Amino acid sequence: MESSRRAVLLVAVAAAAIGLASASFRDNCDIKWNAENAAFSDDGHGLTMSLKSNTSGCLLQTKQQFIYGSVSTRIKLVPGNSAGTVTTYYTSSVGKDHDEIDFEFLGNETGQPYTLHTNVFADGVGKKEMQFVPWFDPTTDFHTYTISWTPCMIVWYVDDTPIRVFRNYRDKGIAYPIKRPMFGYSSIWSAEDWCTQGGRVKADWSKAPFVASYRDMVLDVCPCDGSDSCVYGCEGAFGHGGQEQNCAGLSDQQRTKMLEKQKYNRIYDYCVDYKDNKKPGPECSLPQY
């Protein structure tokens with residue numbers, strides 16, 4: 001009886017996950033902060049968010065919480081002098097000891113490259129940053145950014161190229177997000193005290209508004225309220241017992257592409273360039289792909 005109940009639950013969860021694909025921003029998200037700075041396209045699949053002053057900005061949140069799956073969107077970043085601005089695309093739980101998976105795009109002076117910042121929080125602990133310089137101009141066209149979160153690993157993709165993997169090693173005492181539902185978020189905000197060359201370069205507010213553009217959000221996720229049965233069902237749908245490819249690791253071709261980007265475009269790795277004389281975490285000595 002128990003095995004039959006679990007099988008039915010897995011089928012129901014998988015069906016729900018498939019049903020959320022190809023969502024529109026307008027229908028599936030709420031503007032939680034400064035709605036006057038957001039504008040949807042007529043079909044709801046396009047969005048712009050504006051930063052007009054150091055106390056403004058904008059924040060979008062999906063209406064649906066989920067555990068596991070992938071969230072993806074196409075972004076065209078703030079062009080020109082974007083110093084002091086941060087554009088984000090991330091997932092996060094709410095409440096104490098939160099989990100979070102980040103893409104952050106740190107602006108720069110005209111002619112200087114953006115910094116593509118990634119991080120992961122589990123049980124309230126982050127400080128697992130990796131940063132990259134894009135190998136393209138992210139302000140002239142839309143590029144696709146994807147966060148894939150499964151019971152086995154988290155993968156950050158740029159235009160279908162993986163740039164980083166964080167494996168689940170909870171069995172070795174390393175925190176990994178497995179039980180807290182997350183929302184998907186996008187935002188633009190001012191961080192001129194730290195984000196551009198350590199805060200040396202401030203935002204030029206005469207160039208405001210700073211505008212980031214989004215298109216074609218895709219959610220392939222497992223809706224979940226955080227109950228034990230829901231967490232179990234989502235684990236089965238997106239890990240062992242469900243989409244088995246999610247636990248198989250990267251393909252040889254993907255691994256080659258990722259290592260190339262890490263060799264030539266990565267500018268900071270918390271496992272190597274750790275600060276304050278702190279030792280790297282134990283996960284740094286374990287295979288991540």
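Which residue does a disulfide join to Cys222? Here are a few friendly notes on that question and on the cysteines around it.

1. The partner is Cys234, and the two sulfur atoms of this disulfide sit 2.0 Å apart. Please keep in mind that this is a predicted model. Cys222 belongs to strand β14 (residues 210–223) and Cys234 to helix α3 (residues 228–238), so their bond ties together parts that are twelve residues apart in sequence.

2. If you look along the S-S bond between Cys222 and Cys234, you will find an angle of -80°, which makes the link left-handed. Are these two cysteines buried or exposed? Cys222 and Cys234 are both buried.

3. A search of the whole structure turns up three disulfides. Another of them pairs Cys224 with Cys230, with 2.1 Å between the sulfur atoms. Both Cys224 and Cys230 are buried.

4. Cys271 and Cys284 also form a disulfide, and here the sulfur atoms are 1.9 Å apart. Cys271 and Cys284 each lie in the segment after β15 (266–269), so this pair ties together parts that are 13 residues apart in sequence. The link of Cys271 and Cys284 is left-handed, with -75° about the S-S bond.

5. It is worth checking how open Cys284 is: its relative accessible area is 26%, so Cys284 counts as partly exposed.

6. Two further cysteines deserve a glance. Cys29 has a relative accessibility of 4% and therefore counts as buried. Cys195, at 7% relative accessibility, counts as buried too.

Conventions:
Residues are numbered from 1 along each chain as its sequence is written. This is a predicted model: local features need pLDDT of at least 70, side-chain atom pairs count only at pLDDT 80 or more; totals for chains, interfaces and linings use all residues. Side-chain values use heavy atoms; hydrogens and water are left out. A disulfide is a pair of cysteine sulfur atoms within 2.5 Å. Helices (H or I, at least four residues) and strands (E, at least two) are DSSP runs, numbered from the N terminus. Buried means under 20% relative accessible area, exposed over 50%, partly exposed in between (1.4 Å probe, protein chains only).
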